[in-house]
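Work through the exercises below with the model open. Each task is followed by a stepwise solution.

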Amino acid sequence: MLIFVEQILNGLTVGSLYALVVTGLALTVGVLRVVNFSHGDLFMLGAYIFYFFFSALEISYLPAAILTIVLMGGVGVLFERVVIRKVVTRSWQIQLIATLAAATIINNGVIVLVGSMSKSTPTTLNTMLVEVGTISLSYQRLLILAVTGVAFLGLHVFLKHTRTGKAMRAVSQNREAAESAGIDIAHISRLTFLLSAALIGLSDALVTPVYSVFPAMGMVLTMKAFAVLTVGGFGRVNGAVPAAFLLGIAEAVGTGYLSSSYTDAFAFAAMILVLLVAPQGIFGRKVGIY
Amino acid sequence: MLARVSRPSIRLLLTLAVIAWSASSATAGQPPTAKTPAGEPIRIGVSLIQSGANTALGQDFNEGTTMAVEEINARGGVLGRPLRLYNVDDASDPATAINAVGKLIDVDKVSAIIGPSSSGVVLAVMPIVERSTVPMLVTGATNSKITEQAGVGGNKWVFRLNIDDSVMATALSDVVSKEVKSAVIVAANNDYGRGAASFFQKRLIQNGTKVTSIEYYTNGQADYRPMLTKIKGDKPEGMIVVADAPDAAPMAMQATELGLSNLKVYGRGTVVTPEFLRLTKDQKIWNGAKEANRWAPAGSELEQRYRARWAREPRVLAVLPYYGIVVLAEAIKLAGSDDRTAVRDALAKVNLNIPEIGPVKFDANHQAHHDMFITQWDNGTVKTVSRQPTQ
């Protein structure tokens, strides 16, 4: 029984990673209707940025994390300006090719600049353990869960109760109507990517110490993010987040009771099932990101 | 857009580009050598992992082959001609490798190929080199099928320098069986991992040791906790890890975090290597773990030269390709030419004794039988527990 509980806790940790990453994707898909295949590689870029600040420059954890988030926000704005703005009004095929090209450039750019050896960024919280019976959990993982919770609370407040958040939701529901209501689409566009990239930066700062940093880390994540997004309702943040946690738990429990060979298959099996049975997502049909 | 830029500017840009390109190709490549041999270069193709999930292995491979070629060329080359490497990216993926090796054969017109590193990729590429009659020397992949399919009665163009898992996994299983009564096997979900796992399982059961389960993980998978939690529930005494350092290190850190420190660890990859310690940053993690490998850094002279060239310690996945080039050079010398068939015939006749790894002579299945090393982590130092011949 305790093993089951431990697997649930494992699932929540990886679910937090998925949730933070997918939210960014849900925002860009929901608000701008743009499909970004370099999302996972931005996560990889953020991991290397965090490694640079935390391990290479040896800045302590909190400032390194903040620097990573801020710099990733900048990367998001830059990305919007250079890649997305040209293709946001074009067809999905063009968007696919443009963002896939960006992904390849980022991926191979990192390999050329930094080399392909993997790096690790453990924090002191990694080895400080909390033990309850036979279950042990590192403080870093507790931090991941806590900060993710706070981040989503903040996102909720932002989207529901602030002017800009409401503007974002308006654009996601009906772009033309929002424009005629006086909302600055270009500004919202920049802000969406800034927020999306900042969330990725946050997930990097939280999660990279637990794993390791290597160039291929983004590839499967992009695919899984899209799978989760499909399950939760394409372009909906409040569908994507629970779907992400559900997937994390399913993967953990499935690995525990079936086999680790099937871990990656869960996300895609769920996606296929949802597309067959309830293509609008498992949380029902609703317009807009939140 | 081009119409708006004036013609003289384009011409200027192109001229600058051509100058920059010729300047870079003139200075790129090897450091200055003492005696650069003249003559038409002898072309050797290298299939490297430069993208995808295992790029760290490609960097090692490249360093090994590059250093070997530099040293050989500094001593006058082979047959008075310099060796020249042609690198391609196989991405550790069979489909990509088939195209990459095709380029080496048809476009670069190499005399011999060294690599690929991944077992699954080698198996995919073997028919190609047979069809195109190009000799290929494998220096890292450990699936036993490669030898089973090569040499007499099979593919006569493929040779393997490194010993494979039919030898290493079996030998390590005997060590495991003497020390624990039950074990779990954790392996990469590819030909390398699955091949080794099957040998471990067979031998362990033969020895009467209980195998609690075989867990496969994906290369580059970041989270091992669910798998490790399951292992924790099964309570084996030992854990066999068929993994390279970039995967083994996060696995080890997460295992320690989960409280799995009483498990005896046995590696069959690159677990007991400085690279592993560099990633875990804690010598207490998996201290005492043993590993069966194809080479160990036993205070060698190669290590000093490698450090001088690349500013870090040599790794087994760099050392094997290094000796691969040495063996290829010897074959070309014996053949007296760089003709593909002559080189292939000469490889079958190579009979070297390399102090670092042992005897190199290819048997009827084109497999060499150099020594096997068992290493162990001893508080941050790699200790060589034993070195045994495998003939």
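**Exercise 1.** How many residue pairs are in polar contact across the interface of chain B and chain A?

*Solution.* This is a predicted model, in which local features need pLDDT of at least 70, side-chain atom pairs count only at pLDDT 80 or more, and totals for chains, interfaces and linings use all residues. Residues are numbered from 1 along each chain as its sequence is written, chains are lettered from A and ligands numbered from 1 in the order in which they are written, and side-chain values use heavy atoms, leaving out hydrogens and water.

Step 1. Apply the rule for a polar contact: a pair of N or O atoms within 3.5 Å; within protein, one must be able to donate a hydrogen and the other to accept it, and residues adjacent in sequence count only if both atoms are side-chain atoms.

Step 2. Across the interface, the rule finds seven residue pairs, both residues at pLDDT 80 or more.

Step 3. Helix 8 of chain B gives the most to the side of chain B that touches chain A, with seven residues. Helices (H or I, at least four residues) are DSSP runs, numbered from the N terminus.

**Exercise 2.** Find the salt bridge of Arg225(B).

*Solution.* Step 1. Look for a side-chain nitrogen of Lys or Arg within 4 Å of a carboxyl oxygen of Asp or Glu.

Step 2. The side chain of Arg225(B) meets that of Glu6(A) at 3.9 Å, N to O.

Step 3. Between chain B and chain A the count is three salt bridges.

**Exercise 3.** Is Gln254(B) buried or exposed?

*Solution.* Step 1. Locate Gln254(B) in helix 9 (residues 245-257) of chain B.

Step 2. Its relative accessible area is 0%. Buried means under 20% and exposed over 50%, with partly exposed in between (1.4 Å probe, protein chains only), so Gln254(B) is buried.

Technical notes. Helix = DSSP H or I, 4+ residues; strand = E, 2+ residues; numbered from the N terminus.
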